[in-house]
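Hi there,

Here is the two-chain model I promised to pass on. Have a look, and then read on for what turned up at the contact between the chains.

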Amino acid sequence: MEAIVKKRIKQVLKGDQDAYAEVVEIYGEKVFHICYRMLGNRHEAEDIAQEAFLRAYVNIHSFNINLKFSSWLYRIATNLCIDRIRKKKPDYYLDAEVAGTDGLTMYSQIASDTSLPEEDVESLELQETIQREISKLPEKYRTVIVLKYIEELSLNEISKILDLPLGTVKTRIHRGREALRNQLRHV
Amino acid sequence: MKCPAEIIIYMHEYLDEEISAKNEQELRTHLQSCKECQTHFHELRKTIALVQSTSHINVPSDFTAKVMAKLPKEKRKVGFQRWVRHHPLLTAASLFIMLMAGSLFSSWEQDHEFSVSKQPNLIVQNDTVIVPKGEVIKGDVTVKNGKIQIEGQVEGNVTVINGEKYLASAGQVTGEIKEVNAIFDWLWYHIKKTATEVVNIFDHEEPEAAK
């Protein structure tokens with residue numbers, strides 16, 4: 001797969017724009033999926049996924065052909081998603097440390113019984129609930145959870161995509177899991 | 001019951017499949033005895049299962065087409081610039097040829113005046129050059145934008161550019177007779193002349209270099 005992609009990229013580098021169509025065809029679904037889980041909205045996801053492919057095309061000259069193309073592409077996509085999320089930033093974060101405590105975050109302050117109003121709305125599909133809960137995660141946890149559990153990437157690859165030390169990725173996955181557990185335990 | 005803090009860490013190590021055999025044993029032993037941690041662990045696994053259960057959503061069918069439509073058009077200019085960057089030698093060569101051709105064309109433009117190589121016994125009447133009967137012209141004769149009428153003898157080549165030649169039955173040319181009319185013939189003539197000159201330069205230089 002990577003071999004085909006690299007061949008196509010070399011063609012694109014030579015100015016053959018049509019060769020890029022196959023690259024989009026191969027990764028379109030994955031990139032769209034990441035964006036959808038990150039943003040929780042089909043329309044926005046499509047928008048950002050397209051933008052990611054556009055950016056990749058424009059900057060294809062800066063791609064190191066010896067590296068994995070998918071990692072590079074996912075990185076562009078996740079960065080764009082994070083930018084988009086930040087633009088509609090809420091003014092508080094659940095994972096902000098509570099003043100005067102050591103490592104305690106807002107998550108520990110949420111009473112578990114009151115955190116799931118969606119239980120009332122039984123008509124809502126479970127899928128939507130899960131997606132909404134993922135969307136509630138702060139972006140740094142959301143990214144790793146999406147890459148790990150939806151794209152099923154290895155911790156090493158996630159560390160490369162996000163350009164973060166492996167230890168940081170692990171910590172974020174642990175915290176992300178705990179946060180989601182709090183949100184989803186009563187589903 | 002207060003559980004050891006590392007139990008939660010072990011749970012995550014377990015979920016990342018990075019737990020050591022010793023820690024896994026410790027985790028298992030603890031989970032068997034602690035209801036609270038059991039629930040916690042169960043909830044974590046359930047969370048993961050829920051997240052992974054999210055159904056696959058299909059990408060819009062026209063996604064690729066939309067992306068391709070958005071790509072910047074491969075501009076001629078960009079392609080040209082890239083080509084120039086990648087082929088500096090060819091660029092230099094083609095630039096040289098372009099300038100050369102330019103100067104040739106401009107000299108074609110300027111060359112519309114009548115001219116003839118100067119030999120003492122040539123007769124010029126208006127735009128006709130006459131090689132008189134019985135005369136012997138030594139050397140090459142070149143006529144530009146005029147006619148030549150050969151009644152005598154020319155010991156050399158005759159070249160007529162943009163004109164006509166009449167060779168009388170008594171006339172004689174020892175060398176070649178060339179007529180150049182169309183611009184491409186003219187160009188070819190120029191190129192051959194330049195090449196001959198270049199060869200001549202080398203021919204002259206070689207003996208000197210041999211010294």
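At what angle do H5(A) and helix H3 (residues 35-53) of chain B pack, and how far apart are their axes? The angle is about 110 degrees and the axes are 9 Å apart; axes here are lines fitted to C-alpha atoms, for helices over the stretch in contact, with angles running from 0 to 180 degrees between N-to-C directions. H5(A) and H3(B) are therefore roughly perpendicular to each other (65 to 115 degrees counts as such). Helices are DSSP runs of H or I with at least four residues, numbered from the N terminus.

Before the rest, two notes on the basis. This is a predicted model, so local features need pLDDT of at least 70 and side-chain atom pairs count only at pLDDT 80 or more, while totals for chains, interfaces and linings use all residues. Residues are numbered from 1 along each chain as its sequence is written, chains are lettered from A and ligands numbered from 1 in the order written, and side-chain values use heavy atoms, with hydrogens and water left out.

H5(A) brings Leu126(A), Gln127(A), Ile130(A) and Ile134(A) to the contact, and H3(B) brings Leu50(B), Val51(B) and Ser53(B) (contact means heavy atoms within 4.5 Å). By class there are five nonpolar, two polar and no charged residues; Ala, Val, Leu, Ile, Met, Phe, Trp, Tyr, Cys and Pro count as nonpolar, Asp, Glu, Lys and Arg as charged, and the others, Gly among them, as polar.

H3(B) also meets H6(A): their axes come within 9 Å and cross at roughly 75 degrees, which makes H6(A) roughly perpendicular to H3(B). Ile145(A), Tyr149(A) and Ile150(A) touch Ile48(B), Val51(B) and Gln52(B) there, giving five nonpolar residues, one polar and no charged.

For the interface as a whole, 46 residues of chain A and 34 residues of chain B take part. The buried area is about 3800 Å², with 60% from carbon and sulfur atoms (the accessible area, 1.4 Å probe, that two parts lose on being put together, summed over both).

Five salt bridges link chain A and chain B, each a side-chain nitrogen of Lys or Arg within 4 Å of a carboxyl oxygen of Asp or Glu. One of them pairs Glu18(B) with Lys170(A) at 2.8 Å, N to O. Another salt bridge holds Lys66(B) and Glu46(A) at 3.0 Å, N to O. Lys66(B) sits in helix H4 (residues 63-70) of chain B and Glu46(A) in helix H3 of chain A, so this pair joins two chains.

Enjoy exploring!

Methods. Angles under 35 degrees count as roughly parallel, over 145 as roughly antiparallel, 65 to 115 as roughly perpendicular and the rest as oblique.
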